[in-house]
Amino acid sequence: MLADYAVRVEQCRGRRYPEPQHPYRDDFQRDRDRVIHSRAFRRLEAKTQVFTRRYSDHFRNRLTHTIEVGQIARTIAAQLGLNVDLVEALALAHDVGHPPFGHAGEKALDIAMREHGLFFDHNLHALRIVEDFELRYAAFRGLNLTFEVREGIIKHSHDYPAAQFPELAEYLLDRRPPLEAQLIDVADELAYSTADLDDGYESRLLTLEQIRDGIPVFERFYVEVESIYPNAIDKLKFNETLKRMLNHWIGDLIDSTKEQIRQAGICNLEDVGSYARRLVTLTPPVEHERRGAKEFLYKNLYFSATLEPEKNDAERVVSELFKLWTEKPENLPSSYQEKATQEPLPRIVCDYIAGMTDNYIYEQYEKHFGR
């Protein structure tokens with residue numbers, strides 16, 4: 001049963017191009033399936049989360065991370081009485097706009113664009129993908145997703161000022177996103193905060209002692225696990241601890257959000273949109289725990305000396321290819337040269353690079369620079 005404040009598919013605002021109803025799938029289920037079958041979604045398998053394939057192929061990539069976010073978000077949505085189909089569609093689409101090489105690639109692409117008075121934003125790029133770049137249907141360009149999914153892609157993790165983004169006016173920027181979209185941002189944070197600890201430990205860039213000393217909530221659960229499984233190997237104790245930590249955070253998010261909804265007097269979807277702030281939140285003590293874990297990861301993993309050469313290499317590859325194609329657009333594929341007659345060349349080059357996998361961008365770099 002859906003809560004009164006959930007998004008109901010029968011009240012969906014519809015698609016940009018009207019389509020007949022499917023005989024046995026509702027609109028949000030169809031959107032979920034369209035994302036899954038898109039090229040952009042498949043490419044996530046070859047895009048970096050934290051570790052590139054050149055480091056190891058054992059660790060998470062953008063696709064496996066996305067699947068984990070979907071699992072966490074569905075679980076929470078069911079407990080809150082939200083529309084699970086909409087939540088799953090949003091979870092699966094939330095990272096399709098990311099470029100190769102994870103945050104290093106995103107940083108390099110944004111820097112390159114700002115030199116031309118533009119910028120790169122992976123949510124806005126995701127909207128371009130689902131609205132225009134995907135070519136699967138004879139009747140229209142893009143995936144023709146419902147308004148609710150497109151709105152969630154834009155608003156799930158960022159509040160865009162209406163005055164600065166008039167081109168996004170249809171997405172009601174003066175209103176909060178539905179709880180289904182709000183949930184994706186927090187589920188994403190919980191997913192990578194635990195998964196990156198797992199990959200960091202597995203890679204041996206993080207030691208068990210380091211994690212225990214640096215993350216108090218992990219240490220608290222580790223002591224509990226050690227008392228239950230004193231003879232287990234360290235890796236299994238680590239796994240049990242991380243599971244408890246994630247369960248603790250998810251349970252807190254469910255309870256906290258229910259309480260926020262109660263205190264705010266939220267009765268329907270209109271109340272959610274007009275409320276002064278987002279309602280899907282952890283309690284302050286647990287939010288402090290999550291932020292502490294995130295800071296630990298930034299200090300000890302994301303900016304570690306071991307990963308620094310990979311990040312520098314990624315930024316160099318993106319920057320040099322961007323410069324090449326903006327200075328010599330004749331080296332672009334013909335389809336992108338044609339697009340450059342309709343939009344600014346830097347934006348077209350950005351679109352081309354952002355759609356690449358790690359493997360393909362390295363191939364392009366070797367092709368043009370021979371190294």
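**Notebook: salt bridges and helix packing**

I began with Asp 351, which is buried, with a relative accessible area of 5%. Buried here means under 20% relative accessible area, exposed means over 50%, and partly exposed is in between, with a 1.4 Å probe and protein chains only.

I note that this is a predicted model, in which local features need pLDDT of at least 70 and side-chain atom pairs count only at pLDDT 80 or more, while totals for chains, interfaces and linings use all residues. Residues are numbered from 1 along each chain as its sequence is written, and side-chain values use heavy atoms, with hydrogens and water left out.

**Entry 1: Arg 128 and Asp 351**

I looked up the partner of Asp 351 and found a salt bridge with Arg 128, the closest N and O atoms being 2.5 Å apart. The two residues are in distant parts of the chain, Arg 128 in helix α6 (residues 122-133) and Asp 351 in helix α16 (residues 345-354), 223 residues apart. Helices are DSSP runs (H or I, at least four residues), as are strands (E, at least two), numbered from the N terminus. A salt bridge is a side-chain nitrogen of Lys or Arg within 4 Å of a carboxyl oxygen of Asp or Glu.

**Entry 2: other salt bridges**

How many salt bridges does a search of the whole structure find? I noted 41.

I picked out Asp 199 and Arg 60, which form a salt bridge with their closest N and O atoms 2.8 Å apart. Asp 199 is in helix α8 (residues 179-202) and Arg 60 is in the loop between α2 (39-43) and α3 (62-80), so this pair ties together parts 139 residues apart in sequence. Asp 199 is buried, with a relative accessible area of 7%, and Arg 60 is buried too, at 18%.

Next I took Arg 244 and Glu 224, a salt bridge whose closest N and O atoms are 3.0 Å apart. Arg 244 lies in helix α11 (residues 234-264) and Glu 224 in helix α10 (residues 216-228), so the parts tied together are 20 residues apart in sequence. Arg 244 is buried, with a relative accessible area of 17%, whereas Glu 224 is partly exposed, at 35%.

I also wrote down a network of salt bridges that links Arg 15, Glu 19, Asp 27, Arg 30, Asp 31 and Arg 34.

**Entry 3: α8 and α11**

I went back to α8 to look at its packing. The angle between α8 and α11 is about 165 degrees, and their axes are 11 Å apart. Axes are lines fitted to C-alpha atoms, for helices over the stretch in contact, and angles run from 0 to 180 degrees between N-to-C directions. α8 is therefore roughly antiparallel to α11; angles under 35 degrees count as roughly parallel, over 145 as roughly antiparallel, 65 to 115 as roughly perpendicular and the rest as oblique.

Among the residues that meet, I listed Leu 183, Leu 190 and Tyr 201 in α8, and Phe 238, Trp 249 and Leu 253 in α11. Contact means heavy atoms within 4.5 Å.

**Entry 4: α1 and α4**

I looked up helix α1 (residues 27-36) and helix α4 (residues 84-93), which pack at an angle of about 20 degrees with their axes 8 Å apart. They are therefore roughly parallel to each other. Asp 31, named in the network above, is one of the α1 residues that meet α4.
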